[in-house]
Amino acid sequence: MRTATYFFIFLNLSLALFEEPAVYPLPFLATSVLEVLCLLVFLGRLTHFAKVTLHNVFWKDTKNICIMVAILLSLTDLAIYGVLRMYDVRSIRWSRIVRPIFLINFAESRQIRRAFRSIRNTLPEITYVFLLFMFSLLMFSLMALKLFGERNLQTAEGLPYFRNYLEIVFDLYVLVTTANSPDVMMPAFDFSSWYTLFFIAFVIINTYIFMSLFLAVVYNNYKKHLKVMPRGACY
């Protein structure tokens, strides 16, 4: 039953590749039949679990409630989407976002729940590092606005260069990943080669120091929570 449950969970998640808008589109009837089949299997699995579990225990378990709500929402969305298609009304399958609930909340997925709980416990402890990183990003963006905003520089496309604060924040955020390097600094470099020191300092502090620190904090705290959590805690 565990293998069958995982198979239908995988099939249900894979339907996103074939539903409109799709990578490999299939007729709506085919995808809807497969989805209904998956939901019936999930409902049958839940019914079987209810028969071998005490009534009070079953209804107090939030995992079972989540699965029932996800099945109900999926069937409701499927029915509404089918009716709208009959009247040529364009709509979106919003219930796709609830499909991972089936992967997490079945009893066979306790290890996945342990991982998610470790992530949840790790998030508050990395907030301080994230806030420091955002403070650094905002301060560098403010300095960039003061350095380049009044010099009427332009990008290679002829657009204003570093004159809007929010756009500067976004460009420097992308620079943390080095995806727009060195293009983002070329207008300033053409004006004066000394301005490269600003971008070098930004990359050293935010890419090499803060990203390494962020990764270390995430890894250490996740590992700590995963190690100390009892194996039966996420049953």
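## A walk through an all-helix chain

Cys 38 counts as buried because its relative accessibility is 0%, where buried means under 20% relative accessible area, exposed over 50% and partly exposed in between (1.4 Å probe, protein chains only). Before going further, a word on the model: it is predicted, so local features need pLDDT of at least 70 and side-chain atom pairs count only at pLDDT 80 or more, while totals for chains, interfaces and linings use all residues. Residues are numbered from 1 along each chain as its sequence is written, and side-chain values use heavy atoms, with hydrogens and water left out.

Let us stay with the cysteines for a moment. A search of the whole structure turns up zero disulfides, a disulfide being a pair of cysteine sulfur atoms within 2.5 Å. Cys 38 has its nearest cysteine sulfur in Cys 66, 19 Å away. Cys 66 itself counts as partly exposed because its relative accessibility is 33%.

Now step back to the whole fold. The protein chain holds nine helices and zero strands; both are DSSP runs numbered from the N terminus, helices being H or I with at least four residues and strands E with at least two. The C-alpha trace spans about 75 × 55 × 25 Å along its principal axes. The radius of gyration is 25 Å, whereas a compact globule of 235 residues would have one near 18 Å; this radius is taken over C-alpha atoms, and the globule rule is 2.2 Å times the number of residues to the power 0.38. Buried residues make up 34% of the 235 residues.

Residues 126–145 are 100% helix, with end C-alpha atoms 29 Å apart. Residues 194–219 are 92% helix, and their end C-alpha atoms lie 37 Å apart.

Finally, look at helix H9, residues 196–228, where Ile 204 lies. Ile 204 counts as partly exposed because its relative accessibility is 43%. Together with Trp 194, Leu 197, Ile 200, Ile 205, Tyr 208 and Ile 209, Ile 204 makes a nonpolar surface patch of about 760 Å². Accessible areas come from the Shrake-Rupley method with a 1.4 Å probe, and for residues only the protein chains shown count as cover.

Terms used
Patches are made of residues with over 30% relative accessible area and no salt bridge: like charges are joined within 9 Å, nonpolar side chains (Val, Leu, Ile, Met, Phe, Trp, Tyr) within 5 Å. A salt bridge is a side-chain nitrogen of Lys or Arg within 4 Å of a carboxyl oxygen of Asp or Glu.
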